[in-house]
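Please look through the sequence and the structure shown here before reading on. The report that follows goes from a single residue to the chain as a whole, and then to several places in the fold.

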Amino acid sequence: MYYEIYNIYKSVKLSPKNHASGTTLVEILVATLLLASFFASLFEANAVVLRFIAASKQSVGAIEAVQARTEVFRNLAFSDLTTTSYVQNLLATAPNTSDFAKFATEVVKISAYPTPNGVTQMTRATNGTVSLDSTATSLGSTLIKVDISQSWTGVLGGRQRTEQTSLIISNGTKK
């Protein structure tokens, strides 16, 4: 039986088919389109990640600037802190030397605590000029509240961003 199947197989002659292998123009175009789509999405993902990194750097820069200004105010004598001209001259210099300070607007508000009698507000613009926006009637002689904020336009989305902190400072002696 095996021998018969072998003879039948041997007697059937298959004609060789001429197949020309290759790629068509349509296949090349589809492959090119897929490859271009892949690289375009890869580059866009990279651009988004770089914008996230830039936004994070801005946020960290704002935190550093607010913290640096906070430390300056905490180390001032109470009489200097309640003198508007002294604080205004102090704000003429940036809180730190980071590049972020060139793009942020700083606002400092000083008021008596716990019951404010007006607010002394100063704004340091991005060009370094300091303006006195308002002056408190009285800052008192025991406790004051200092609000410090940094505002900037964010890289990611172009939205207005703000970092801020508040301090309560007592008129006491430094040790």
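Does Ser-111 count as buried or exposed? The model is a predicted one, and in it Ser-111 has a relative accessibility of 8%, so this residue counts as buried, the cut-off for that word being under 20%.

## The surroundings of Ser-111

Ser-111 has its place in strand 1, and when its neighbours within four places in sequence are left aside, the residues in contact with Ser-111 are Pro-116, Gly-118, Val-119, Leu-139, Ile-144 and Lys-145. Strand 1 itself is mostly covered, since six of its eight residues are buried.

## The chain as a whole

The secondary structure of the chain comes to four helices and five strands, and from the N terminus on these elements run in the order α-α-α-α-β-β-β-β-β. Of the 175 residues in the chain, 25% are buried.

## Strand 1 and its partners

With which strands does strand 1 pair in the antiparallel sense? One partner is strand 4, where the antiparallel pairing extends over eight bridges, and another is strand 2, where the antiparallel pairing extends over five bridges. Lys-109 can be followed across both pairings, because this residue stands opposite Asp-147 in strand 4 and opposite Gln-121 in strand 2, where pairing calls for at least two bridges between the strands.

Beyond the end of strand 1, the loop between strand 1 and strand 2 holds Pro-114. The peptide bond that leads from Tyr-113 to Pro-114 is cis, with an omega near 5°.

In soluble globular proteins, nonpolar side chains tend to be buried together. In this model the largest nonpolar core has 19 residues, and those with the most contacts inside it are Phe-73, Leu-81, Ile-110, Ile-144 and Val-146. At least two residues of this core come from each of helix 2 (25-74), helix 3 (78-81), helix 4 (84-91), strand 1 (105-112), strand 4 (143-153) and strand 5 (160-170).

Which residues does Ile-110 touch, not counting residues up to four places away in sequence? The list consists of Leu-81, Val-87, Gly-118, Val-119, Thr-120, Met-122, Leu-139, Ile-144, Lys-145 and Val-146. Three of the names in it, Leu-81, Ile-144 and Val-146, are also among the residues with the most contacts inside the core.

Residues up to four places away in sequence not being counted, Gln-150 touches Ala-62, Ala-65, Val-66, Pro-95, Phe-100, Ala-104, Thr-105, Glu-106, Arg-161, Thr-162 and Glu-163.

## Two loop residues

Is Asn-127 buried or exposed? Asn-127 lies in the loop between strand 2 (120-124) and strand 3 (130-134), and its relative accessible area is 59%, which means that Asn-127 is exposed, a word used here for values over 50%. The side chain of Asn-127 makes a polar contact with the side chain of Thr-129, at 2.8 Å. Asn-127 and Phe-103 are 24 residues apart along the chain, while their C-alpha atoms are separated by 8.5 Å.

Ser-138 lies in the loop between strand 3 and strand 4, and with a relative accessible area of 32% this residue is partly exposed. Leaving aside its neighbours within four places in sequence, Ser-138 is in contact with Ala-112 and Asn-117. A polar atom of the side chain of Ser-138 lies 3.3 Å from the backbone nitrogen of Gly-140. Ser-138 and Thr-120 are 18 residues apart in sequence, and the distance between them in space is 9.2 Å, C-alpha to C-alpha.

Methods
Residues numbered from 1 in each chain as written. Predicted model: local features only at pLDDT ≥ 70, side-chain atom pairs only at ≥ 80, totals over all residues. Heavy atoms only, no water. Buried < 20%, exposed > 50% of the residue type's maximum accessible area, 1.4 Å probe, protein only. Polar contact = N/O pair within 3.5 Å; in protein donor to acceptor, adjacent residues only side chain to side chain. Core = buried A, V, L, I, M, F, W, Y, C linked by side-chain atoms within 4.5 Å. Contact = heavy atoms within 4.5 Å.
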